[in-house]
Every structure is written in C-alpha cells, then in structure tokens.
Amino acid sequence: MDTGFEITVARDFEDLTEQASDLISQSITNQTRVRDRVTVVLSGGSTPRRLYERLARGDVVAKIPWGRVHLFWGDERCGPPEDPKSNYRMAYESLIRWIPIPPENIHRMPFDLPDPERAAEEYEASLRRFFGPSEGEWPRFDVVLLGVGPDGHTASLFPNSPVLGERKRWVAAVYVEKLKNHRLTLTVPVFNHAAQVIFLVAGKEKARVMKTLRPAEPKRVRFPYQLIRPHTGRLTFLLDREAAGSLQPS
Ligand code: 6PG
C-alpha cells in the first residue's frame, strides 16, 4: 500500500532528466493558469544541473511564462558570492542566465553574509515579506525540487542534525561537521506545507538509502528525506534505475 506518493523509475539519467523537465514545466504552467505568481524552490548538488539546462532549452523555455515564476532555494552552502560551489551559482550558470526571468523574481539565499545565523534570519524575513503569512501560517511553495545524498540527507537536513526537529523557524543555519561547512536550509515544516515536492535521485550510491523509501511503519523514519511528506501536497520520487535498485514504480 503506498503512503500517498508516486514513484517513477526512469530508464537512465537522460530519461530521468526528460521526465523531470516534463513534470516540472507542466506543474509550473498549470499553476500559472490559476495564479499570477508561481513559487519554485530549486535544489542544489549535481543531479539537477542537467535538468536546469533542459529547462533552459528553447522548446521548454517558450512554454513557461517565466515573468510569473519566482525562484527560491531549498538550501545553500555559505561562502563568498562568487563561490563556484554555491547552489545559486550552479542554477545561474545552467538555467537563470538563459531564461527571460525578471531579476526581482530571483530570491537567492544570502549565503555570502559572514554570519550564517543572520543570513537565515534575513532569508526568513524576506520569505515572510513575500508570502505575507497570518499568525502561525506556513508558506505554501508551489513546486519544490529536492535531492537525496548517499547518507539520506535532503536539502541541508543531515542525519542526527538538531535542525531535523525544528518546527518554528522557516530557515535555519547549520554547521555540517563532515563537510566543514556552514549551510542554510529550509526546514521540514516548510517542505511539508508545499503544494508539490519532487525528489530527483540518480546514481547507485543512493540505492542503499532509497531502499527504505516505503518504511515498514511510517513512523520508522531512518533518513532525513523520509521526513518530507507534504501534508496535502503531491509527492513524487523520480529515480533512475541505479538509485531505484529493487524499488518498483507506483
Ligand atoms: C546540496 C543539496 C543536497 C543535494 C544532495 C544530492 O546543497 O548539496 O541541496 O541536498 O540535493 O546532496 O546531491 P547530488 O545531486 O550532488 O547527488
């Protein structure tokens, strides 16, 4: 019995990219038909680069009314503004510089601020200005893209991190010991209030953690990515065969 999410297994990485491009462009286009602002949260890491390049290709660019799309980030590596490792830089090089999106629609995390805690507070303040929530209301992002690391982390929600239990703040600063790096991340409740979450997962190094995608009991969560279960939103896992291992499509 599925627990309210869909699993798609692509033939290979190219097929995965194509299916992700179709799903995301369709979701964005559908949303722009019913609202004048569509919020999209981008993931970092290496997997989505090909997807962003695909979204920037002519046949897809023309389909999406980019003037109504607002881009945000699910997490970011703290560092200098020109840091080639930043998730913003990767998205800029592979997507943003190639699409007709107004600069004011790009809501990058202030990852270059010297104080990560202040950077998290500033990004949360900017999100609150954008969404204008009532007291206690969470933001509802339209489309959220996430990846999964070989240890089961997603965004910058790493195993055993205190931020996994954060239930008040929208944005948190975390120090990742094994990476010796400060990071900024949206928190679990923010992802779980989204209208749609799409995990894009590729490579055999992810197969071990993806095995528990359908935990025996929903409560037995072993990896941070399993905490992401949108309350009312749509949840899709897009995997290539290597990452899926023995998992069957739903
Ligand atoms: C980051 C990402 C991170 C990523 C996973 C998977 O900043 O690194 O946000 O959560 O999605 O680590 O990364 P790959 O796509 O490189 O495997």
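Predicted model: local features only at pLDDT ≥ 70, side-chain atom pairs only at ≥ 80, totals over all residues.
Residues are numbered from 1 along each chain as its sequence is written, and side-chain values use heavy atoms, with hydrogens and water left out.

**View 1. Three strands in the order 4-7-6 form an open, antiparallel sheet.** Strands (E, at least two residues) and helices (H or I, at least four) are DSSP runs, numbered from the N terminus. Two strands pair if DSSP finds at least two bridges between them. Strand 4 (75-77) and strand 6 (171-176) are the edges, each with a single partner strand, so one side of each has no neighbour in the sheet. From one strand to the next, the twist averages 20 degrees; axes are lines fitted to C-alpha atoms, for helices over the stretch in contact, and angles run from 0 to 180 degrees between N-to-C directions. Strand 4 and strand 7 (residues 181-186) run antiparallel and are joined by three bridges.

**View 2. Six strands in the order 1-9-8-5-2-3 form an open, parallel sheet.** Strand 1 (6-10) and strand 3 (69-73) are the edge strands, and each pairs on one side only. The twist here averages 20 degrees from one strand to the next. Five bridges link strand 2 (residues 38-42) to strand 3 in the parallel sense, and threonine 39 has histidine 70 in strand 3 as its bridge partner. Helix 2 (residues 48-55) packs on this sheet, touching strand 2, strand 5 (143-146) and strand 8 (196-201); contact means heavy atoms within 4.5 Å. The direction of helix 2 makes about 140 degrees with that of strand 5.

**View 3. Helix 5 (residues 116-131) lies across strand 6 and strand 7.** Helix 5 runs at about 155 degrees to strand 6. Its buried residues are Pro116, Ala119, Ala120, Tyr123, Glu124, Leu127 and Phe130 (buried, under 20% relative accessible area; exposed, over 50%; partly exposed, in between; 1.4 Å probe, protein chains only). Seen down the axis of helix 5, the buried residues fall within an arc of 130 degrees, so they line one face; the arc is that of the directions from the helix axis to the C-beta atoms. These residues pack against strand 2, strand 3, strand 6 and strand 7. Glu121 and Arg129 are exposed on the face turned away from the buried side.

**View 4. Aspartate 115 caps the N-terminal end of helix 5.** A side-chain oxygen of aspartate 115 lies 2.9 Å from the backbone nitrogen of glutamate 117. After helix 5 comes glycine 132, with a positive phi near 55 degrees.

**View 5. Asparagine 105 is in the loop between helix 4 and helix 5.** With 4% relative accessibility, asparagine 105 counts as buried. Its side chain reaches the backbone oxygen of valine 69 at 2.8 Å. Leaving aside neighbours within four places in sequence, asparagine 105 is in contact with Trp66, Gly67, Arg68, Val69, His70 and Leu71.

**View 6. Asparagine 87 is in helix 4 (residues 87-94).** Asparagine 87 is buried, at 2% relative accessible area. Not counting residues up to four places away in sequence, asparagine 87 touches Gly44, Gly45, Trp73, Asp75, Glu76 and Arg77.

Terms used:
Polar contact = N/O pair within 3.5 Å; in protein donor to acceptor, adjacent residues only side chain to side chain.
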